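Here is a short briefing to read alongside the model. Keep the viewer open and follow the topics one by one.

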Amino acid sequence: MAAPSCAGEFVPIAQETGLILPLGYWVFDEVCRQVAAWSLIEPSVPTLTVAVNVSARQLAQADLPEQLAAIAARHGVPTDLLEIEMQGEEGGVPHLKMRG
């Protein structure tokens, strides 16, 4: 069996196996690490807002805001530079802006 090669194949497997939550936090951690690295490489460039997709299961976690804020703080990334997206079943993508 070939490994899943796109999100449409990979995400359902991660949900079925229960790996979607740790995977989501890992992705958010990597995004924050990269945003912090970009600001060190070129501090004179205006900072970018970065959108991160989360699963419905992750969005349902009561402590999600605190977890994401802690990850951002660990990397020194202001939360106002981060947006959370969730792919809706109808294909819409609602955006949630993090507040500091």
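Against which elements do the buried residues of H4 pack? The buried residues of H4 pack against H2, helix H3 (56-59) and S2, where packing rests on contact, that is, heavy atoms within 4.5 Å. Please keep in mind that this is a predicted model, in which local features need pLDDT of at least 70 and side-chain atom pairs count only at pLDDT 80 or more, while totals for chains, interfaces and linings use all residues. Residues are numbered from 1 along each chain as its sequence is written, and side-chain values use heavy atoms, with hydrogens and water left out.

**Overall layout**

- The protein chain has four helices and three strands; helices (H or I, at least four residues) and strands (E, at least two) are DSSP runs, numbered from the N terminus.
- Along the sequence, these elements give the pattern α-α-β-α-α-β-β.
- Of the 100 residues in the protein chain, 27% are buried; buried means under 20% relative accessible area, exposed over 50%, and partly exposed in between (1.4 Å probe, protein chains only).
- Among contacts between residues at least 6 apart in sequence, 63% join residues at least 24 apart.
- The protein chain exposes about 6700 Å², and carbon and sulfur atoms supply 61% of that area; accessible areas come from the Shrake-Rupley method with a 1.4 Å probe, and for residues only the protein chains shown count as cover.

**The nonpolar core**

- The largest nonpolar core has 17 residues; such a core is a set of buried Ala, Val, Leu, Ile, Met, Phe, Trp, Tyr and Cys residues joined through side-chain atoms within 4.5 Å.
- At least two residues of this core come from each of helix H2 (20-41), strand S1 (50-53), helix H4 (64-75) and strand S2 (82-85).
- H2 gives the largest share of this core, with six residues.
- The residues with the most contacts inside the core are Phe28, Val31, Cys32, Val35, Leu68, Val77 and Leu82.

**Helix H2**

- The 22 residues of H2 should span 32 Å at 1.5 Å a residue, and its end C-alpha atoms are 31 Å apart, which agrees; the expected span is 1.5 Å times one less than the number of residues in the helix.
- Buried residues in H2 are Ile20, Gly24, Tyr25, Phe28, Asp29, Val31, Cys32, Val35 and Ala36.

**Helix H4**

- Leu64, Leu68, Ile71 and Ala72 are buried in H4.
- Looking down the axis of H4, you will find its buried residues within an arc of 95 degrees, so they line one face of the helix; the arc is that of the directions from the helix axis to the C-beta atoms.
- On the face of H4 turned away from its buried side sit the exposed residues Glu66, Ala73 and Arg74.
- After H4 comes Gly76, whose phi is positive, near 70 degrees.

**Salt bridges**

- How many salt bridges are there? The count comes to two, a salt bridge being a side-chain nitrogen of Lys or Arg within 4 Å of a carboxyl oxygen of Asp or Glu.
- Asp29 pairs with Arg74 in a salt bridge whose closest N and O atoms are 2.5 Å apart.
- This pair links distant parts of the chain, with Asp29 in helix H2 and Arg74 in helix H4, 45 residues apart.
- Asp29 counts as buried because its relative accessibility is 16%, whereas Arg74, with a relative accessible area of 55%, is exposed.
- Glu30 forms a salt bridge with Arg33, and the closest N and O atoms are 3.0 Å apart.
- Both Glu30 and Arg33 lie in helix H2, three residues apart, about one turn of the helix.
- An α-helix has 3.6 residues a turn, so residues three or four places apart point the same way.
- Glu30 is partly exposed at 25% relative accessibility, and Arg33 is partly exposed with a relative accessible area of 39%.

**Two residues of helix H3**

- Arg57 is found in helix H3 and is partly exposed, with a relative accessible area of 42%.
- Leaving aside neighbours within four places in sequence, Arg57 is in contact with Gln15, Gly18, Ile20 and Leu21.
- Arg57 and Leu21 are 36 residues apart in sequence and 7.3 Å apart in space, C-alpha to C-alpha.
- Gln58 also lies in helix H3; Gln58 counts as buried, because its relative accessibility is 1%.
- Beyond its neighbours within four places in sequence, Gln58 is in contact with Leu21, Gly24, Tyr25 and Leu64.
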